[in-house]
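User: Please pick one part of this model and take a close look at it. I would like a connected account, with the cut-offs spelled out as you go.

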Amino acid sequence: MSFVFWLLAAITVAGGLAAVLLKNLVHCALALTVVFAGLALLFLQLDAQFAGFAQILVYVGAVAILVVFAILLTRSSETPKDGGVFSRTWGAGLAISAAVFAVLGWVVLQSEAGLPREINVPNVTVLQIGNALMGRYVLPLEIVALLLTAALIGAVIVAMHEKGDAK
Amino acid sequence: MLGEGILKGLAETAKNFAGSFVSAERLTTVEYPEQRIPTAENARVFPFLIYDGTDWEAGMRCVACQICEKECPPKCIYIEKSKDKKPDFVGKMQIYPAKFDIDVSVCMSCQICVEVCPFEAIKMDTEFELSTTDRFGGLLFDRKHLAKSNEYYHEIHPTEATEVDARLAEEKAKAEAKAKAATQAAAAKAGAPASGPAPGAAAPTAKAAEALPASKPAGGGE
Amino acid sequence: MLEKADQLFILLRNWIVGFLPAGWQAAAGVVLGVIGIVAVFPGLFAITTVLERKGLGRMQNRIGPNRTGPFGILQPIADAIKSLTKEDIVPLNADAVVHFLAPVFLVVVVFMGFAVLPVGRNMVLVDMDASLLFYFAMGASTEVSIFMAGWSSRNKYSLLGAMRAVAQMISYEVPLLLSSVVVVMMTGSLSLVKIVEAQNRYTWGLPHWYIFTPWGCAAFVMYAIAATAETNRSPFDLPEGESELVAGYFTEYSGFKFALFFLGEYLGMLSISGLGTTLFLGGWSAPLAALNWVPSWIWFFSKVMLSIVVLIWVRGTLPRLRQDQLMNFAWKFVLPMTLLDLMVAALWRFLGDGWARWVVCSAILVIVYVAAGRAGMRGKHFGPRTYRYAE
């Protein structure tokens, strides 16, 4: 629990709060990008290089752009909400999120109590990740690939359909 | 094959790049003002007044007829006639312009003043580096500024100048011939009133009659 | 002696760091490395701007700038003074915070990319196991900054330019990554230092650079195309085309912020040329075994500047591609070719050593390329234009 960890955690939480509380939707999206970057830095601080850089490459480089494109294409960024950022059912939302947090925290605390304190952090190289993905976890990898291919084909079909309609 | 055009294009630009160091065809830049392209002979910028000889006041061809002032489309010429007269190139006494101003910021270089001038007095100059910091007075050229010699005209427009000189010399010769014929007729009239009036008088009168119709069309053409 | 010249900067750094107490030495070493990067690459950027303007000028039958200093070499100083003293205009409606952060973010992210390039033997700022991934992560982050620039200007045309730029960069990111993955596959490591060391071997005096293999050559060509598109360079510079969209996503930027964008773009160009050199041209290794006496960092920078010269040459030659043309090209031609290249590289490894694999792999790549090219060009006529006039 070093100073770097607290700093990164503070940045991430601040970004998350900003993503929820800001009025301008594009500002929220940029704050979400800060959250992604903060998470990536936390991964790097835990010495998980591959996870950290993949997080930046995928989340900051692609997902954030996707979120921004979605906001801009649906034109909800032009009129900032006047009535505050909280919806009418904020009580129920707060209760549910508190419950989820409680469950997760209990699970984490339970598991951490069972682990030995001084553990040798294995230096996981990209080679080992690659071997694991192609060896032990090849089935989930292929299923995910199939899912992504289906999504890609679906996107192409949807886009083509629109072009057909326009013609 | 795909990409062939790109390679050909790359070869062409490489040729341009390499050639620009060695041949003038591949580097067409003229670094003004250290290098200049010589102006064409027919270039025209703004008008100037020609004078013959060395004295710009005495040799100025302009007789302040004000035809160019009237014909100028943007009315950039302003002429004031003089009160006295001075002899022109054939010896006749003519008035001259006391003031001849051209506002060069108004002049549109249409050359109409040159085309209508009957005395070949105003021609087009080729000087264009006329920038000045005085917006109003700096671009108002007066008589003295506009007066340039015939030799200068030969420098900037050689073929035109020789043509104009030839025409003026021809007119001068014609006028001199006319004057000589007139004096001969007067001398013949005064010198031989009794002896052979008919043949003596017929010849000069025939000559005078010949000369008179000859000069009349010349005078009408002018 | 030559060893010293080769390791000159490392020895310099060690000497300076030797003056400090032991606890501070590591951090000081890194700081010195950062100072080196921040000094060298903007200097290269200045040289690149002069090279570009003079080179483009000569290719276009004119002289480039030649009044500032002999042959115009002091032009970057004049440009710097101009950008620093220009008024910094922020539009009234613009989002001031994001407008300010966009160029800053771009420059920061591009500088981070330089941290993993092995500039010479033992001369890399950070030697990570997954340094190539880090580099691409930084490259992907530049898109966010471009979007921020275009959106914060509150200008329809800036936004349009930013959208086009982001779409183009995303489209070409996939071929860029896939052509680099071919190199990773054949080397067996994501670490750029190991990739250069794998190319630093010589057979009969010739090096083992990946560009000299069939799959490497094809991958290099596709990497070059994708890199040109990633840095928004001609012929893919529609987002910033001066004649199209004023200045695209940095229309509303003036003065120093514009200079930062300019710096970011050219540094991106240098950075991606550096990566291309590392992946395909052997990084800091010499072209012939006999030339190993020349310091390694000289080879690296020569190769980077050669790539820059080729980029400038291509800029002076090709007309601009339209947005849909370039995206068609990316998704329908370059991406399938990179996938094919991956398979050819795998085939190369399976066919074992010998001349057979050269013939087979080259044949596959060339035949598919020519066939795909012919198929794509069918139905398009490129002759002289014919006109039909009204009778």
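Analyst: Happy to! A residue counts as buried if 20 or more other C-beta atoms, placed from the backbone, lie within 10 Å of its own. This is a predicted model, with local features needing pLDDT of at least 70, side-chain atom pairs pLDDT 80 or more, and totals for chains, interfaces and linings using all residues. Residues are numbered from 1 along each chain as its sequence is written, with chains lettered from A in the order in which they are written.

Let's look at helix 12 of chain C, residues 323-350 (helices are DSSP runs of H or I, at least four residues, and strands of E, at least two, numbered from the N terminus). Its buried residues are C:L326, C:A330, C:V334, C:M337, C:T338, C:D341, C:V344 and C:A345. They pack against helix 7 (156-187), helix 9 (214-230) and helix 13 (355-377) of chain C, a contact being C-beta atoms within 7 Å.

C:A330, one of those buried residues, is also where helix 12 of chain C bends by about 35° (the angle between axes fitted to the seven residues ending there and the seven starting there). Just after the helix, C:G352 takes a positive phi of about 70°.

How values were computed: The expected span of a helix is 1.5 Å times one less than its number of residues. A residue is buried if 20 or more other C-beta atoms lie within 10 Å of its own, exposed if 12 or fewer, and partly exposed in between; C-beta atoms are placed from the backbone. Two residues are in contact if their C-beta atoms, placed from the backbone, lie within 7 Å.
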